[in-house]
Amino acid sequence: MGLKSVLCAKIEMKANKDVFHDVFTNKPHHVSTMSPLHVQGCELLEGVFGTVGSKICWTYTLEGKEKISKQVIETIDEEKKVIAFKEFEGDLVNEYDNWKATLHIETKGEIDLVCWTMEYERPNENVPELVNLLDFIVGMSKAIDDHHVKMN
């Protein structure tokens with residue numbers, strides 16, 4: 001059993017709060033158009049976009065290196081605007097165990113927040129925390145928000 005870690009980020013968004021949930025639930029293949037510096041593609045491997053149990057493969061660039069992440073959609077809650085992904089193959093699970101990312105939308109007063117939570121296990125103290133990936137997710141989220149604000 002590894003060292004458990006949880007990293008979280010909350011990003012204020014200007015676009016409609018339903019946009020993020022809809023994009024990552026039903027249209028993840030559009031993310032590369034909205035944030036091309038971060039994500040180069042999202043391919044459906046099995047199932048149907050927007051359904052629990054479906055499998056997708058992200059291609060992305062982290063710190064100048066091309067990466068892949070094959071994920072299964074574990075949870076979708078339309079009412080609470082939650083979606084969770086678990087990596088089953090790819091660059092993360094080569095070093096980290098039980099990597100999972102959850103996206104949910106939180107409203108505080110007049111402010112809508114995109115909330116990302118990453119959970120994973122490091123095999124030992126020498127394997128770094130995934131702060132660089134959290135920074136990547138924040139940058140990607142801001143690019144998607146900017147894309148939707150410009151469209152409206």
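## Charge over a ring

Lys55 lies over the face of Phe88, 5.0 Å from the ring centre. A charge sits over a ring if NZ of Lys or CZ of Arg is within 6 Å of the ring centre and within 35 degrees of the ring normal.

## Basis of the values

This is a predicted model: local features need pLDDT of at least 70, side-chain atom pairs count only at pLDDT 80 or more, and totals for chains, interfaces and linings use all residues. Residues are numbered from 1 along each chain as its sequence is written, and side-chain values use heavy atoms, with hydrogens and water left out.

## Aromatic pairs

A search of the whole structure finds four aromatic pairs. Rings of Phe, Tyr and Trp (its six-membered ring) pair if their centres lie within 6.5 Å; planes under 30 degrees apart count as stacked, over 60 as edge-to-face and the rest as tilted.

The ring centres of Phe24 and Trp58 are 6.1 Å apart with planes at 40 degrees, so this pair is tilted. The pair links distant parts of the chain, Phe24 in helix α1 and Trp58 in strand β3 (residues 55–62), 34 residues apart. Helices (H or I, at least four residues) and strands (E, at least two) are DSSP runs, numbered from the N terminus. Ring pairs link Phe24, Trp58 and Trp116 into a cluster.

## Helix α1

Helix α1 spans residues 17–26, and its buried residues include Phe20, Val23 and Phe24. Buried means under 20% relative accessible area, exposed over 50%, partly exposed in between (1.4 Å probe, protein chains only).
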